[in-house]
Amino acid sequence: MSQRNVSETETAIKERARKVLPGGGFGNVTFDVVIKEGKAGRVWDESDNEYIDFLLGSGPMLVGHGHADVQAAVLDQVSKGATFFVNNAHGIELAEEICKAVACADKVRFVSTGSEATFYAMRVARAYRGLDKILKFEGGFHGMSDYALMSMAPARPGNFPQATPDTAGIPSKIRDDILIAPFNDADTAVSLIREHADELGGIIVEPLQRMIPPASGFLEALREIATATGIPLIFDEVVTGFRFAYGGAQEYYGVVPDICALGKVVGGGYPLACVAGRDDIMAHFDASEVGAGRAVKQTGTLSGNPVAAAAGLATLEVLRGEGTYEYLFASGQKLMDGLTASITKHGLQAQIMGLPPMFDILFTSDKVIDYRGAMKSDRTLGKRFNELILAGGILKGDNKFYVSTAHTDADIDEGIAICDAALAQIADEAT
Ligand SMILES: Cc1ncc(COP(=O)(O)O)c(C=O)c1O
(Lines give C-alpha, C1' and ligand atoms only; values in the text may rest on other atoms or scores of the structure.)
Protein backbone atom coordinates (compact mmCIF):
# COMPACT_ATOMS: atom_id res chain seq x y z
CA MET A 1 0.00 0.00 0.00
CA SER A 2 1.44 3.36 -1.03
CA GLN A 3 2.32 5.91 1.60
CA ARG A 4 1.13 9.48 1.42
CA ASN A 5 3.95 11.83 0.54
CA VAL A 6 3.84 14.99 2.69
CA SER A 7 5.55 17.98 1.06
CA GLU A 8 7.30 20.85 2.82
CA THR A 9 4.48 23.15 1.68
CA GLU A 10 1.84 20.99 3.39
CA THR A 11 3.96 20.65 6.54
CA ALA A 12 4.33 24.44 6.70
CA ILE A 13 0.57 24.96 6.24
CA LYS A 14 -0.12 22.53 9.09
CA GLU A 15 2.30 24.36 11.36
CA ARG A 16 0.52 27.64 10.63
CA ALA A 17 -2.82 25.93 11.31
CA ARG A 18 -1.69 24.78 14.74
CA LYS A 19 -0.96 28.41 15.69
CA VAL A 20 -4.38 29.78 14.84
CA LEU A 21 -6.87 26.89 14.96
CA PRO A 22 -7.80 24.93 18.11
CA GLY A 23 -6.48 21.41 17.57
CA GLY A 24 -4.84 22.65 14.36
CA GLY A 25 -7.98 22.17 12.28
CA PHE A 26 -11.59 23.04 11.53
CA GLY A 27 -12.84 20.32 13.90
CA ASN A 28 -14.51 18.30 11.16
CA VAL A 29 -12.35 15.21 10.67
CA THR A 30 -9.81 13.31 12.72
CA PHE A 31 -7.17 13.04 9.99
CA ASP A 32 -4.72 15.74 9.08
CA VAL A 33 -4.88 16.38 5.33
CA VAL A 34 -5.02 19.74 3.58
CA ILE A 35 -7.04 19.55 0.36
CA LYS A 36 -6.44 22.10 -2.37
CA GLU A 37 -8.52 20.92 -5.30
CA GLY A 38 -11.27 18.59 -6.46
CA LYS A 39 -12.55 17.48 -9.84
CA ALA A 40 -15.46 15.06 -10.35
CA GLY A 41 -14.85 12.11 -7.97
CA ARG A 42 -11.23 12.92 -7.09
CA VAL A 43 -9.41 15.42 -4.83
CA TRP A 44 -5.76 16.45 -4.41
CA ASP A 45 -3.95 17.55 -1.27
CA GLU A 46 -1.31 20.25 -0.86
CA SER A 47 1.38 17.61 -1.42
CA ASP A 48 -0.26 16.64 -4.75
CA ASN A 49 -1.42 13.23 -3.51
CA GLU A 50 -4.52 12.15 -5.39
CA TYR A 51 -7.51 10.53 -3.67
CA ILE A 52 -10.75 8.97 -4.75
CA ASP A 53 -13.14 11.22 -2.89
CA PHE A 54 -15.69 9.26 -0.90
CA LEU A 55 -16.03 12.17 1.55
CA LEU A 56 -17.68 14.56 -0.94
CA GLY A 57 -17.32 17.51 1.42
CA SER A 58 -19.33 15.48 3.96
CA GLY A 59 -22.05 14.90 1.39
CA PRO A 60 -22.98 18.04 -0.57
CA MET A 61 -20.95 17.20 -3.70
CA LEU A 62 -23.38 14.54 -4.94
CA VAL A 63 -22.76 15.46 -8.59
CA GLY A 64 -18.99 15.65 -8.03
CA HIS A 65 -16.54 18.53 -7.74
CA GLY A 66 -16.57 21.30 -10.31
CA HIS A 67 -19.55 20.07 -12.32
CA ALA A 68 -19.63 22.30 -15.43
CA ASP A 69 -23.33 23.23 -15.08
CA VAL A 70 -23.03 24.08 -11.38
CA GLN A 71 -19.90 26.09 -11.99
CA ALA A 72 -21.53 28.05 -14.82
CA ALA A 73 -24.57 28.88 -12.69
CA VAL A 74 -22.38 30.02 -9.79
CA LEU A 75 -20.07 32.13 -11.95
CA ASP A 76 -23.02 33.80 -13.63
CA GLN A 77 -24.46 34.83 -10.26
CA VAL A 78 -21.08 35.80 -8.79
CA SER A 79 -20.61 38.26 -11.65
CA LYS A 80 -23.86 39.94 -10.55
CA GLY A 81 -23.17 40.04 -6.81
CA ALA A 82 -22.67 37.67 -3.90
CA THR A 83 -25.40 38.47 -1.39
CA PHE A 84 -28.20 40.99 -0.84
CA PHE A 85 -30.15 39.83 2.27
CA VAL A 86 -33.46 40.43 0.50
CA ASN A 87 -35.40 38.03 -1.77
CA ASN A 88 -33.77 36.91 -4.99
CA ALA A 89 -35.20 34.97 -7.93
CA HIS A 90 -32.82 31.99 -7.59
CA GLY A 91 -33.88 31.42 -3.98
CA ILE A 92 -37.57 31.66 -4.87
CA GLU A 93 -37.12 29.21 -7.77
CA LEU A 94 -35.22 26.82 -5.50
CA ALA A 95 -38.05 26.94 -2.95
CA GLU A 96 -40.51 26.14 -5.76
CA GLU A 97 -38.39 23.18 -6.85
CA ILE A 98 -38.15 21.86 -3.25
CA CYS A 99 -41.94 22.10 -2.89
CA LYS A 100 -42.34 20.14 -6.14
CA ALA A 101 -39.83 17.47 -5.17
CA VAL A 102 -40.34 16.88 -1.45
CA ALA A 103 -43.69 15.45 -0.37
CA CYS A 104 -43.97 17.23 3.01
CA ALA A 105 -42.93 20.62 1.61
CA ASP A 106 -45.73 23.16 1.19
CA LYS A 107 -43.44 26.01 2.20
CA VAL A 108 -39.69 26.49 2.69
CA ARG A 109 -37.63 28.67 5.05
CA PHE A 110 -33.95 28.99 4.10
CA VAL A 111 -31.03 28.96 6.55
CA SER A 112 -27.32 28.37 6.00
CA THR A 113 -26.47 25.06 7.70
CA GLY A 114 -28.05 21.73 8.53
CA SER A 115 -27.66 22.48 12.24
CA GLU A 116 -29.78 25.60 11.84
CA ALA A 117 -32.32 23.70 9.76
CA THR A 118 -32.93 21.10 12.50
CA PHE A 119 -32.81 23.79 15.20
CA TYR A 120 -35.56 25.80 13.47
CA ALA A 121 -37.52 22.67 12.57
CA MET A 122 -37.69 21.89 16.30
CA ARG A 123 -38.47 25.52 17.17
CA VAL A 124 -41.31 25.82 14.67
CA ALA A 125 -42.77 22.50 15.88
CA ARG A 126 -42.69 23.77 19.47
CA ALA A 127 -44.29 27.06 18.41
CA TYR A 128 -47.04 25.19 16.55
CA ARG A 129 -47.78 22.98 19.52
CA GLY A 130 -47.09 25.57 22.22
CA LEU A 131 -45.16 22.82 24.03
CA ASP A 132 -41.47 22.55 24.93
CA LYS A 133 -40.30 18.97 24.69
CA ILE A 134 -38.77 17.15 21.75
CA LEU A 135 -38.37 13.40 21.43
CA LYS A 136 -35.26 12.25 19.60
CA PHE A 137 -33.57 8.88 19.14
CA GLU A 138 -30.41 7.63 20.81
CA GLY A 139 -27.53 7.86 18.35
CA GLY A 140 -29.40 10.28 16.08
CA PHE A 141 -27.34 13.19 14.82
CA HIS A 142 -29.06 16.49 14.14
CA GLY A 143 -26.16 18.93 14.14
CA MET A 144 -24.66 21.08 16.83
CA SER A 145 -27.43 22.93 18.67
CA ASP A 146 -27.97 22.49 22.41
CA TYR A 147 -31.13 20.48 21.64
CA ALA A 148 -29.52 18.24 19.03
CA LEU A 149 -26.44 17.26 20.98
CA MET A 150 -28.31 15.00 23.39
CA SER A 151 -27.61 11.24 23.51
CA MET A 152 -26.08 11.38 20.06
CA ALA A 153 -23.05 9.37 21.15
CA PRO A 154 -23.29 8.69 24.88
CA ALA A 155 -20.27 6.78 26.23
CA ARG A 156 -22.51 5.22 28.87
CA PRO A 157 -26.08 5.19 27.57
CA GLY A 158 -28.59 5.90 30.32
CA ASN A 159 -32.17 4.81 30.89
CA PHE A 160 -34.77 5.89 28.35
CA PRO A 161 -36.07 8.60 28.08
CA GLN A 162 -33.38 10.48 30.01
CA ALA A 163 -31.05 12.52 27.79
CA THR A 164 -27.27 12.69 28.14
CA PRO A 165 -25.61 15.88 26.81
CA ASP A 166 -22.87 15.16 24.25
CA THR A 167 -20.85 18.28 24.89
CA ALA A 168 -19.78 20.65 27.60
CA GLY A 169 -21.42 24.05 27.51
CA ILE A 170 -25.09 23.09 27.22
CA PRO A 171 -27.23 24.67 29.98
CA SER A 172 -28.21 21.82 32.30
CA LYS A 173 -31.94 22.63 32.09
CA ILE A 174 -32.11 21.79 28.38
CA ARG A 175 -31.70 18.06 28.95
CA ASP A 176 -35.09 18.04 30.69
CA ASP A 177 -36.72 19.15 27.45
CA ILE A 178 -35.33 16.30 25.36
CA LEU A 179 -36.68 12.77 25.64
CA ILE A 180 -34.65 9.89 24.21
CA ALA A 181 -36.08 6.75 22.66
CA PRO A 182 -34.33 3.71 21.15
CA PHE A 183 -34.14 3.75 17.33
CA ASN A 184 -36.00 0.93 15.62
CA ASP A 185 -37.96 0.03 18.75
CA ALA A 186 -41.42 1.18 17.69
CA ASP A 187 -43.19 -0.13 20.81
CA THR A 188 -40.99 1.82 23.23
CA ALA A 189 -41.05 4.97 21.10
CA VAL A 190 -44.84 4.88 20.70
CA SER A 191 -45.45 4.30 24.39
CA LEU A 192 -43.08 7.17 25.34
CA ILE A 193 -44.83 9.46 22.86
CA ARG A 194 -48.24 8.50 24.22
CA GLU A 195 -47.12 8.99 27.81
CA HIS A 196 -45.63 12.46 27.10
CA ALA A 197 -48.06 13.60 24.38
CA ASP A 198 -49.25 16.61 26.36
CA GLU A 199 -45.67 17.90 26.73
CA LEU A 200 -44.20 17.12 23.31
CA GLY A 201 -43.69 19.82 20.69
CA GLY A 202 -42.13 17.47 18.14
CA ILE A 203 -40.53 14.14 17.27
CA ILE A 204 -37.28 14.27 15.30
CA VAL A 205 -35.67 11.31 13.56
CA GLU A 206 -33.08 10.53 10.92
CA PRO A 207 -35.10 8.22 8.64
CA LEU A 208 -31.93 6.15 8.22
CA GLN A 209 -30.02 6.79 11.43
CA ARG A 210 -26.33 7.27 10.62
CA MET A 211 -25.83 3.93 8.80
CA ILE A 212 -28.72 2.05 10.39
CA PRO A 213 -31.74 1.51 8.14
CA PRO A 214 -35.22 1.79 9.65
CA ALA A 215 -36.73 -1.59 10.53
CA SER A 216 -39.82 -2.50 8.58
CA GLY A 217 -42.77 -0.59 10.06
CA PHE A 218 -40.68 1.71 12.30
CA LEU A 219 -41.17 4.98 10.38
CA GLU A 220 -44.79 4.03 9.72
CA ALA A 221 -45.36 3.59 13.47
CA LEU A 222 -43.90 7.05 14.12
CA ARG A 223 -46.13 8.50 11.41
CA GLU A 224 -49.18 6.85 12.92
CA ILE A 225 -48.59 8.01 16.51
CA ALA A 226 -47.65 11.52 15.32
CA THR A 227 -50.93 11.75 13.40
CA ALA A 228 -52.92 10.33 16.33
CA THR A 229 -51.43 12.80 18.82
CA GLY A 230 -51.03 15.81 16.51
CA ILE A 231 -47.32 16.04 17.33
CA PRO A 232 -45.31 17.13 14.26
CA LEU A 233 -43.00 14.42 12.93
CA ILE A 234 -39.71 15.91 11.75
CA PHE A 235 -37.46 14.00 9.36
CA ASP A 236 -33.87 15.15 9.47
CA GLU A 237 -33.12 14.81 5.75
CA VAL A 238 -29.93 16.87 5.83
CA VAL A 239 -28.06 13.78 4.59
CA THR A 240 -30.81 11.82 2.86
CA GLY A 241 -32.52 14.69 1.01
CA PHE A 242 -32.09 14.44 -2.79
CA ARG A 243 -29.70 11.51 -2.15
CA PHE A 244 -31.83 8.43 -1.51
CA ALA A 245 -34.23 9.64 -4.21
CA TYR A 246 -35.01 13.06 -5.72
CA GLY A 247 -37.75 13.37 -3.08
CA GLY A 248 -35.40 12.17 -0.31
CA ALA A 249 -35.93 9.44 2.27
CA GLN A 250 -39.63 10.30 2.48
CA GLU A 251 -39.95 9.24 -1.16
CA TYR A 252 -37.60 6.26 -0.75
CA TYR A 253 -39.40 4.86 2.30
CA GLY A 254 -42.87 6.14 1.41
CA VAL A 255 -43.45 7.82 4.77
CA VAL A 256 -44.17 11.55 4.74
CA PRO A 257 -43.28 13.66 7.79
CA ASP A 258 -44.86 17.00 8.73
CA ILE A 259 -41.60 18.92 8.57
CA CYS A 260 -38.15 18.11 7.23
CA ALA A 261 -34.71 19.64 7.49
CA LEU A 262 -32.71 19.71 4.25
CA GLY A 263 -29.06 20.64 3.76
CA LYS A 264 -25.92 19.44 2.01
CA VAL A 265 -27.04 18.51 -1.59
CA VAL A 266 -29.69 21.26 -1.78
CA GLY A 267 -26.96 23.93 -1.57
CA GLY A 268 -24.74 22.32 -4.21
CA GLY A 269 -21.65 22.77 -2.03
CA TYR A 270 -22.50 26.29 -0.83
CA PRO A 271 -23.93 27.41 2.53
CA LEU A 272 -27.64 26.73 2.13
CA ALA A 273 -30.09 24.55 4.03
CA CYS A 274 -33.77 24.82 4.83
CA VAL A 275 -36.78 23.82 6.86
CA ALA A 276 -39.63 22.58 4.68
CA GLY A 277 -43.05 21.51 5.86
CA ARG A 278 -46.78 21.61 6.07
CA ASP A 279 -48.52 24.92 5.46
CA ASP A 280 -50.17 25.29 8.86
CA ILE A 281 -46.89 24.58 10.68
CA MET A 282 -44.73 26.75 8.41
CA ALA A 283 -47.26 29.56 8.97
CA HIS A 284 -45.53 30.03 12.33
CA PHE A 285 -42.62 31.66 10.49
CA ASP A 286 -45.08 34.43 9.55
CA ALA A 287 -46.30 36.66 12.38
CA SER A 288 -49.04 38.10 10.16
CA GLU A 289 -50.61 34.62 9.95
CA VAL A 290 -50.32 33.37 13.54
CA GLY A 291 -49.83 36.55 15.59
CA ALA A 292 -46.61 37.77 17.16
CA GLY A 293 -46.99 35.64 20.30
CA ARG A 294 -47.00 32.37 18.37
CA ALA A 295 -44.56 33.31 15.62
CA VAL A 296 -41.00 32.01 15.30
CA LYS A 297 -38.27 34.62 14.94
CA GLN A 298 -35.85 33.64 12.23
CA THR A 299 -33.47 35.64 10.09
CA GLY A 300 -30.01 34.85 8.71
CA THR A 301 -27.45 36.98 6.91
CA LEU A 302 -26.92 34.38 4.19
CA SER A 303 -30.42 32.84 4.14
CA GLY A 304 -31.41 32.08 0.53
CA ASN A 305 -28.06 33.38 -0.68
CA PRO A 306 -28.27 33.76 -4.48
CA VAL A 307 -24.95 32.06 -5.26
CA ALA A 308 -25.85 29.06 -3.09
CA ALA A 309 -29.38 28.97 -4.51
CA ALA A 310 -28.00 29.04 -8.06
CA ALA A 311 -25.64 26.17 -7.17
CA GLY A 312 -28.49 24.23 -5.56
CA LEU A 313 -30.79 24.73 -8.56
CA ALA A 314 -28.11 23.62 -11.02
CA THR A 315 -27.31 20.57 -8.86
CA LEU A 316 -30.97 19.57 -8.72
CA GLU A 317 -31.24 19.96 -12.48
CA VAL A 318 -28.32 17.55 -12.93
CA LEU A 319 -29.98 15.11 -10.53
CA ARG A 320 -33.23 15.23 -12.54
CA GLY A 321 -31.33 13.90 -15.58
CA GLU A 322 -32.49 10.53 -16.83
CA GLY A 323 -30.90 7.53 -15.16
CA THR A 324 -28.98 9.60 -12.58
CA TYR A 325 -30.22 7.78 -9.47
CA GLU A 326 -29.99 4.39 -11.21
CA TYR A 327 -26.32 5.11 -11.95
CA LEU A 328 -25.68 6.38 -8.39
CA PHE A 329 -27.26 3.30 -6.83
CA ALA A 330 -25.48 0.91 -9.21
CA SER A 331 -22.06 2.48 -8.46
CA GLY A 332 -22.63 2.46 -4.73
CA GLN A 333 -23.93 -1.10 -4.82
CA LYS A 334 -20.83 -2.24 -6.71
CA LEU A 335 -18.60 -0.68 -4.05
CA MET A 336 -20.67 -2.18 -1.23
CA ASP A 337 -20.57 -5.62 -2.87
CA GLY A 338 -16.82 -5.35 -3.43
CA LEU A 339 -16.26 -4.53 0.23
CA THR A 340 -18.53 -7.34 1.38
CA ALA A 341 -16.63 -9.80 -0.83
CA SER A 342 -13.31 -8.62 0.70
CA ILE A 343 -14.67 -9.01 4.23
CA THR A 344 -15.60 -12.60 3.42
CA LYS A 345 -12.34 -13.32 1.58
CA HIS A 346 -10.24 -12.15 4.53
CA GLY A 347 -12.43 -13.84 7.14
CA LEU A 348 -13.18 -10.63 9.03
CA GLN A 349 -16.02 -10.06 11.48
CA ALA A 350 -17.45 -7.02 9.71
CA GLN A 351 -20.37 -5.87 7.60
CA ILE A 352 -21.38 -3.05 5.27
CA MET A 353 -24.32 -0.98 6.49
CA GLY A 354 -26.34 1.74 4.77
CA LEU A 355 -27.61 2.33 1.25
CA PRO A 356 -25.59 2.57 -1.98
CA PRO A 357 -25.26 6.39 -1.99
CA MET A 358 -24.02 6.32 1.62
CA PHE A 359 -22.74 3.50 3.81
CA ASP A 360 -19.86 2.36 5.99
CA ILE A 361 -18.06 -0.70 7.25
CA LEU A 362 -18.80 -1.83 10.80
CA PHE A 363 -16.41 -4.27 12.43
CA THR A 364 -18.95 -6.61 13.96
CA SER A 365 -20.87 -9.48 12.45
CA ASP A 366 -23.78 -9.09 14.90
CA LYS A 367 -26.98 -7.61 13.49
CA VAL A 368 -27.03 -3.88 14.29
CA ILE A 369 -30.38 -2.13 14.63
CA ASP A 370 -29.58 0.71 17.00
CA TYR A 371 -26.88 2.84 18.63
CA ARG A 372 -26.12 0.31 21.37
CA GLY A 373 -25.55 -2.38 18.75
CA ALA A 374 -23.30 -0.09 16.72
CA MET A 375 -21.33 0.74 19.88
CA LYS A 376 -20.30 -2.89 20.16
CA SER A 377 -18.45 -2.81 16.83
CA ASP A 378 -14.66 -2.66 16.99
CA ARG A 379 -14.00 1.03 16.49
CA THR A 380 -10.23 0.60 16.71
CA LEU A 381 -10.41 -1.53 13.56
CA GLY A 382 -12.71 1.05 11.95
CA LYS A 383 -10.09 3.71 12.60
CA ARG A 384 -7.29 1.48 11.32
CA PHE A 385 -9.25 0.80 8.13
CA ASN A 386 -9.73 4.54 7.55
CA GLU A 387 -5.97 5.16 8.11
CA LEU A 388 -5.00 2.41 5.68
CA ILE A 389 -7.31 3.50 2.88
CA LEU A 390 -6.24 7.14 3.33
CA ALA A 391 -2.65 6.02 2.83
CA GLY A 392 -3.84 3.96 -0.16
CA GLY A 393 -5.59 6.91 -1.81
CA ILE A 394 -9.18 7.13 -0.54
CA LEU A 395 -10.56 10.13 1.27
CA LYS A 396 -13.59 9.28 3.38
CA GLY A 397 -15.20 10.53 6.56
CA ASP A 398 -14.65 8.89 9.92
CA ASN A 399 -17.99 7.10 9.65
CA LYS A 400 -19.14 7.16 6.06
CA PHE A 401 -18.49 6.43 2.39
CA TYR A 402 -20.40 8.88 0.17
CA VAL A 403 -20.72 7.94 -3.50
CA SER A 404 -21.36 10.56 -6.20
CA THR A 405 -22.83 10.54 -9.70
CA ALA A 406 -19.37 11.64 -10.90
CA HIS A 407 -17.55 8.52 -9.69
CA THR A 408 -16.59 6.46 -12.73
CA ASP A 409 -16.46 2.70 -12.96
CA ALA A 410 -12.67 3.02 -12.74
CA ASP A 411 -12.99 5.03 -9.47
CA ILE A 412 -15.17 2.30 -8.01
CA ASP A 413 -12.85 -0.52 -9.16
CA GLU A 414 -9.81 1.25 -7.77
CA GLY A 415 -11.72 1.98 -4.56
CA ILE A 416 -12.53 -1.70 -4.16
CA ALA A 417 -8.86 -2.66 -4.71
CA ILE A 418 -7.63 -0.11 -2.12
CA CYS A 419 -10.18 -1.30 0.43
CA ASP A 420 -9.31 -4.94 -0.28
CA ALA A 421 -5.63 -4.26 0.41
CA ALA A 422 -6.56 -2.49 3.66
CA LEU A 423 -8.78 -5.37 4.78
CA ALA A 424 -6.03 -7.89 3.89
CA GLN A 425 -3.63 -5.94 6.09
CA ILE A 426 -6.17 -5.78 8.95
CA ALA A 427 -6.60 -9.56 8.70
CA ASP A 428 -2.80 -9.97 8.71
CA GLU A 429 -2.37 -7.74 11.73
CA ALA A 430 -4.96 -9.80 13.62
CA THR A 431 -2.97 -13.05 13.23
C1 LIG B 1 -28.38 14.11 9.77
C2 LIG B 1 -27.66 15.42 9.94
N3 LIG B 1 -28.33 16.47 10.44
C4 LIG B 1 -27.74 17.67 10.60
C5 LIG B 1 -26.42 17.88 10.25
C6 LIG B 1 -25.79 19.20 10.46
O7 LIG B 1 -25.52 19.83 9.24
P8 LIG B 1 -24.42 20.98 9.15
O9 LIG B 1 -23.10 20.32 9.34
O10 LIG B 1 -24.63 21.57 7.79
O11 LIG B 1 -24.72 21.96 10.24
C12 LIG B 1 -25.68 16.82 9.71
C13 LIG B 1 -24.28 17.00 9.34
O14 LIG B 1 -23.58 16.10 8.93
C15 LIG B 1 -26.31 15.55 9.57
O16 LIG B 1 -25.63 14.48 9.11
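Val205 stands opposite Phe235 in strand β8. The model is predicted: local features need pLDDT of at least 70, side-chain atom pairs count only at pLDDT 80 or more, and totals for chains, interfaces and linings use all residues. Residues are numbered from 1 along each chain as its sequence is written, and side-chain values use heavy atoms, with hydrogens and water left out.

**Strands** (DSSP E runs of at least two residues, numbered from the N terminus)
- Strand β7 (residues 200–205) runs parallel to β8, and 3 bridges join them; pairing requires at least two DSSP bridges.
- In β8 (residues 233–237), 5 of 5 residues are buried, meaning under 20% relative accessible area with a 1.4 Å probe and protein chains only.
- Leu233, Phe235 and Glu237 lie on one side of β8 and Ile234 and Asp236 on the other, with both faces covered.
- In a regular strand, side chains alternate between the two faces of the sheet.

**Helices** (DSSP H or I runs of at least four residues)
- Arg126 belongs to helix α4 (residues 114–129) and counts as buried because its relative accessibility is 13%.
- Glu93 is part of helix α3 (residues 89–101).
- Glu93 counts as partly exposed because its relative accessibility is 43%; this class lies between buried (under 20%) and exposed (over 50%).

**Surface charge**
- Asp69, Glu93, Glu96 and Glu317 form a negative surface patch.
- Patch residues have over 30% relative accessible area and no salt bridge, and like charges are joined within 9 Å.
- A salt bridge is a side-chain nitrogen of Lys or Arg within 4 Å of a carboxyl oxygen of Asp or Glu.

Note on methods
Patches are made of residues with over 30% relative accessible area and no salt bridge: like charges are joined within 9 Å, nonpolar side chains (Val, Leu, Ile, Met, Phe, Trp, Tyr) within 5 Å. Accessible areas come from the Shrake-Rupley method with a 1.4 Å probe; for residues, only the protein chains shown count as cover. Lys and Arg count as positive and Asp and Glu as negative; His and the chain ends are not counted. The place of a charge is taken as NZ of Lys, CZ of Arg, CG of Asp or CD of Glu.
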